[in-house]
Amino acid sequence: MWRQFLTCIYLKLCTFTLYILRRNASHPNANSTKLVKLPVASFPGSTALFFRRRPSIILKAPVKVGDDQILRKRHSVDHYFRIKEQILSRLGNHKDCQAFLHQHGKEITPSLRYRWFIQAIKSIVFIHSKGVIHGDLRPENFLVHGTLPLSLDLCLCDFGGSTCKNLQLTRGKLPDSGFYNPNVAWEPTYTVDIFGLGSVLYTIITGF
């Protein structure tokens with residue numbers, strides 16, 4: 001029964017994939033070499049512009065803004081990657097919670113898991129008390145700071161998709177599948193964070 005079900009799903013996916021490929025191939029701009037600049041309002045950024053090559057393909061072009069506020073071509077971005085690498089090396093190597101659980105699961109004691117459990121809860125209580133909705137709570141967005149076996153703490157990170165109505169800031173970001181309740185409205189709310197936190201706590205305890 002399961003084999004028939006999986007075979008049916010596989011065939012449907014193949015059919016859908018062929019449909020997408022044919023649609024892209026028949027699109028009037030499919031073979032065009034012209035790049036269409038995408039509106040800044042939809043693709044904001046101070047270091048890059050976005051262009052559509054054809055359906056499903058978007059190119060990101062690095063730019064720089066001078067004192068005269070004119071956009072100019074940026075010939076290389078290597079310098080910025082080197083800066084990031086050096087700064088991260090200076091700050092130390094902080095694995096995310098999910099990666100740490102995979103790599104050191106057997107070394108993590110129940111007392112340490114309990115400590116992370118409490119720290120994860122307190123971090124969400126704190127940001128909610130400031131009117132901030134994280135919007136993307138998952139184990140990958142908690143960094144592990146310290147050294148084994150006991151001197152380890154969880155630090156909440158990645159606020160790029162967060163919402164704060166008091167500051168009129170919103171990105172409309174929601175967590176990945178498994179950390180988002182599909183039965184609630186598709187919008188960032190405190191409830192969404194609480195559901196994601198529950199899934200994070202489950203992962204901390206079980207490891208997956």
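Which residues does Leu154 touch, not counting residues up to four places away in sequence? Leu154 touches Cys97, Trp116, Gln119, Ala120, Phe142, Leu143, Val144 and Ile204, where contact means heavy atoms within 4.5 Å. This is a predicted model, in which local features need pLDDT of at least 70 and side-chain atom pairs count only at pLDDT 80 or more, while totals for chains, interfaces and linings use all residues. Residues are numbered from 1 along each chain as its sequence is written, and side-chain values use heavy atoms, with hydrogens and water left out.

**Overall make-up**

- The protein chain has five helices and six strands; these are DSSP runs numbered from the N terminus, with helices (H or I) of at least four residues and strands (E) of at least two.
- Along the sequence, the elements follow the pattern α-β-β-β-β-α-α-α-β-β-α.
- Of the 208 residues in the protein chain, 28% are buried; buried means under 20% relative accessible area, exposed means over 50%, and partly exposed lies in between (1.4 Å probe, protein chains only).
- The protein chain has an accessible surface of about 15000 Å², and carbon and sulfur atoms account for 60% of this surface; the areas come from the Shrake-Rupley method with a 1.4 Å probe, and for residues only the protein chains shown count as cover.
- Among contacts in the protein chain with a separation of 6 or more, 48% join residues 24 or more positions apart.

**The largest nonpolar core**

- The largest nonpolar core holds 20 residues, of which Cys97, Trp116, Phe142, Leu154 and Ile204 touch the most other members.
- At least two residues of this core come from each of helix H3 (97-104), H4, strand E5 (142-147), strand E6 (151-156) and H5.
- H4 gives the most to the core, supplying five residues.
- A nonpolar core is a set of buried Ala, Val, Leu, Ile, Met, Phe, Trp, Tyr and Cys residues joined through side-chain atoms within 4.5 Å.
- In soluble globular proteins, nonpolar side chains tend to be buried together.

**Helices H4 and H5**

- Helix H4 (residues 110-129) packs with helix H5 (residues 190-206) at an angle of about 170°, and their axes are 9 Å apart.
- The axes are lines fitted to C-alpha atoms, for helices over the stretch in contact, and angles run from 0 to 180 degrees between N-to-C directions.
- H4 and H5 are therefore roughly antiparallel to each other, a label used for angles over 145 degrees, with those under 35 roughly parallel, 65 to 115 roughly perpendicular and the rest oblique.
- On the H4 side, the residues in contact are Arg113, Trp116, Phe117, Ala120, Ile121, Ile124, Ile127 and His128.
- On the H5 side, they are Tyr190, Asp193, Ile194, Leu197, Leu201, Ile204 and Ile205.
- The residues of this contact divide into twelve nonpolar, one polar and two charged; Ala, Val, Leu, Ile, Met, Phe, Trp, Tyr, Cys and Pro count as nonpolar, Asp, Glu, Lys and Arg as charged, and the others, Gly among them, as polar.
- Phe117 in H4 is partly exposed at 25% relative accessibility, and touches Leu201, Ile204 and Ile205, not counting residues up to four places away in sequence.
- Thr203 in H5 is buried, with a relative accessible area of 4%.
- Not counting residues up to four places away in sequence, Thr203 touches Gln98, Leu101, Pro139, Phe179 and Phe208.

**Residues in strands**

- Ala48 lies in strand E2 (residues 48-54) and counts as buried at 6% relative accessibility.
- Ala48 and Ala61 are 13 residues apart along the chain, with 5.3 Å between their C-alpha atoms.
- Cys155 lies in strand E6 and is partly exposed at 34% relative accessibility.
- Leaving aside neighbours within four places in sequence, Cys155 is in contact with Asn141, Phe142, Leu143 and His145.
- The C-alpha atoms of Cys155 and Cys97 are separated by 9.3 Å.

- Most residues other than glycine have a negative phi.
- Asp158, in the loop between E6 and H5, has a positive phi near 60° and is partly exposed, with a relative accessible area of 40%.
- Gln168, also placed in the loop between E6 and H5, has a positive phi near 55° and is exposed, with a relative accessible area of 75%.
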